[in-house]
Amino acid sequence: MPKKWFQNWFNSPYYHILYQQRNDEEAEFFIDNLCAYLKPGANSRLLDIACGRGRHSNYLNKKGYDVTGIDLSFSSIKYAQQFENSKLRFFVHDMRYLFYINYFDFAFNLFTSFGYFETEKDHVNSLKTFRKSLKKDGLLILDYFNREKILKHLTQQETKTIDGIDFYISKNIVNDKIVKSISFEHKNKDYAFKEEVSSFSFADFERMFKKSGFEIVNYFGDYSLQPFDECKSDRLIFICKKADV
């Protein structure tokens, strides 16, 4: 069976080259604000779903929390494991499948690490596994882009030159997905990758949360946790608890 786009792209060294300039200060600012809002107890267990190379996990651990990071990418987890300690661990794992049961106080899915799959059923099944991983009073924090603003300001063509590589990037809307095509040449070889992320609306998330047994507690529009504005907000950040089902 051919690999999905995310299995190919996230395991590629070029993924990390293209996105190496991601802002750690912004990530830490977001985590600081989330922790101030959530107030995790000193003994809280935190799950970082689709953790990548572990930048959020590492920072949460530096704040004293017990953190487990999971990601589909073997190369990302191999990199993250160099930072492991008695309260920080990383595993290669697909978010669609069960991990721990009734174990974590908080589950984080940050920086649009969702929306990759082909069907809504796959996404709902993922949310169900998130739910099962949480204790009875546990909370899910899911951070996504704001569809309305993204679609209005979609940049269709751009070129980024990083480490001497010219990345040619195009974005299009195909079947309610934002499809980013990435092509480049390196060492006399041509490469082409793509990203496909569902353009979920607020109503889409409401429906999927209900199907998966979550209830929305609160939602925000940016990393300073300001109120969500459908036209202006950059992000759509949900705080959800297990619904009484």
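The stops below cover aromatic pairs, charges over rings and salt bridges.

The model is a predicted one. Its aromatic pairs number 29. Begin by selecting Tyr 100 and Phe 104, whose ring centres are 5.5 Å apart. The planes of Tyr 100 and Phe 104 meet at 40 degrees, so this pair is tilted. Tyr 100 is partly exposed, with a relative accessible area of 26%, whereas Phe 104 is buried at 0%.

Select Tyr 144 and Phe 205 next. The ring centres of Tyr 144 and Phe 205 lie 5.0 Å apart with their planes at 75 degrees, so the pair is edge-to-face. Tyr 144 belongs to strand β5 (residues 134-145) and Phe 205 to helix α8 (residues 202-212), so the contact ties together parts that are 61 residues apart in sequence. Both Tyr 144 and Phe 205 are buried.

Now extend the selection to the aromatic cluster that contains these two residues. Its members are Phe 114, Phe 130, Tyr 144, Phe 145, Phe 200, Phe 202, Phe 205, Phe 209, Phe 214, Tyr 219, Phe 228 and Phe 238.

Two arginines are the next selections. The charged end of Arg 53 sits over the ring of Tyr 79, at 4.2 Å from the ring centre. Arg 235 lies over the face of Phe 111, 6.0 Å from the centre of that ring.

Select Asp 66 and Arg 89, whose side chains meet in a salt bridge of 3.0 Å, N to O. This pair links distant parts of the chain, with Asp 66 in strand β2 (residues 66-71) and Arg 89 in strand β3 (residues 88-92), 23 residues apart. Are Asp 66 and Arg 89 buried or exposed? Both Asp 66 and Arg 89 are buried.

Continue to Arg 96 and Asp 122, a salt bridge with its closest N and O atoms 3.9 Å apart. Arg 96 lies in the loop between β3 and β4 (104-109) and Asp 122 in helix α6 (residues 120-133), so the pair ties together parts that are 26 residues apart in sequence. Arg 96 counts as buried at 17% relative accessibility, while Asp 122 is partly exposed, with a relative accessible area of 24%.

Select Lys 171 and Glu 158, where a salt bridge is formed at 3.9 Å, N to O. Lys 171 is in strand β7 (residues 165-174) and Glu 158 in strand β6 (residues 157-162).

Finish with Glu 120, Asp 204, Arg 207 and Lys 211, which are linked in a network of salt bridges.

Technical notes:
Residues numbered from 1 in each chain as written. Predicted model: local features only at pLDDT ≥ 70, side-chain atom pairs only at ≥ 80, totals over all residues. Heavy atoms only, no water. Phe/Tyr/Trp six-rings, centres within 6.5 Å; stacked < 30°, edge-to-face > 60°. Buried < 20%, exposed > 50% of the residue type's maximum accessible area, 1.4 Å probe, protein only. Helix = DSSP H or I, 4+ residues; strand = E, 2+ residues; numbered from the N terminus. Lys NZ or Arg CZ within 6 Å of the ring centre and 35° of its normal. Salt bridge = Lys/Arg side-chain N within 4 Å of Asp/Glu carboxyl O.
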